[in-house]
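Trainee: I would like to learn how to read the features of a model like this one. Can we go through them in turn?

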Amino acid sequence: VVLGNLEETIWSKSDVHTPVIRKESDRLLTTMAIEHGRIQKQVEGKSAFWHPILPDDEIVIVRPPPSRPISKPGEYWPLWKTLYGLHRSPKHWHKTLVAALIKVGLSPCKHDPCVFTGSLLAGEPPFYLGIYVDNFTYFSDSDNVEKAFEQSLSMELQVDFIGDVAW
């Protein structure tokens, strides 16, 4: 964890803001799943903010944790990946997640940037997904489509497929 309160750069809200699914969109996806006789499934990004690589123009230097015996006194480390605590980590995570979802074959909804849909397998029903930072829910009318999504996303990001939505 990095102490973001020690960051010298002042970021605007649009530079650090991470969109989350709108309540209406979440309700719509839940209603659609129920209407189709499906139960939404839940996914959590493992150590989500560790996935993105910091852009070249965003240099962050940190003091190593005191428990690191290989660090010399007065030594500092440049970060090359985002960490929890950095103001822009959620924004970088969202960009990384969106890129992975597009690579898997999903497209963002133009009315809510946290809703994704797509046809992952030819001749199979569509797939629906809603994002809330590093947690998301998904469903399809086909178990095969859901399994294809799980396999494809696992190759792109480290995620935990938790199973049926519990909360």
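Trainee: What is the relative accessible area of R22, and how is R22 classed?

Mentor: R22 has a relative accessible area of 42%, so R22 is partly exposed. Bear in mind that this is a predicted model, where local features need pLDDT of at least 70, side-chain atom pairs count only at pLDDT 80 or more, and totals for chains, interfaces and linings use all residues. Residues are numbered from 1 along each chain as its sequence is written, and side-chain values use heavy atoms, with hydrogens and water left out.

Trainee: Which residue meets R22 in a salt bridge?

Mentor: A salt bridge requires a side-chain nitrogen of Lys or Arg within 4 Å of a carboxyl oxygen of Asp or Glu. The partner of R22 is E24, at 3.6 Å from N to O. E24 has 44% relative accessibility and therefore also counts as partly exposed. Under this rule there are six salt bridges.

Trainee: How do I read the elements, and how many helices and strands are there?

Mentor: Helices (H or I, at least four residues) and strands (E, at least two) are DSSP runs, numbered from the N terminus. This chain has four helices and eight strands, in the order α-α-β-β-β-α-β-β-β-β-α-β along the sequence. Of its 167 residues, 40% count as buried.

Trainee: Which parts of the chain does the salt bridge of K41 link?

Mentor: K41 pairs with E146, with the closest N and O atoms 2.8 Å apart. K41 is in strand β1 (residues 41-45) and E146 in helix α4 (residues 143-156), so to speak distant parts of the chain, 105 residues apart. Both K41 and E146 are buried.

Trainee: Where do D160 and K46 lie?

Mentor: D160 is in strand β8 (residues 159-164), while K46 is in the loop between β1 and β2, so their pair ties together parts 114 residues apart in sequence. The closest N and O atoms of D160 and K46 are 3.5 Å apart. D160 counts as partly exposed because its relative accessibility is 34%, and K46, at 38%, counts as partly exposed too. Separately, salt bridges with shared partners join R38, K41, D143 and E146 into one network.

Trainee: Which residues line the second largest pocket?

Mentor: Rolling a probe the size of a water molecule over the atoms shows where empty space is left. A pocket here is an open set of points on a 1 Å grid over the protein atoms alone, where a 1.4 Å probe fits, with protein on both sides within 12 Å along at least five of seven lines; lining residues have an atom within 4 Å of a point. The second largest pocket is lined by I21, D26, Q42, G130, I131, Y132, N135, F136, T137, V165 and W167. Two or more of the lining residues come from each of β6 (127-132) and β7 (135-140). The pocket holds about 200 Å³ of space, a volume filled by probe spheres set on grid points that are joined across faces, edges and corners.

Technical notes: Buried < 20%, exposed > 50% of the residue type's maximum accessible area, 1.4 Å probe, protein only.
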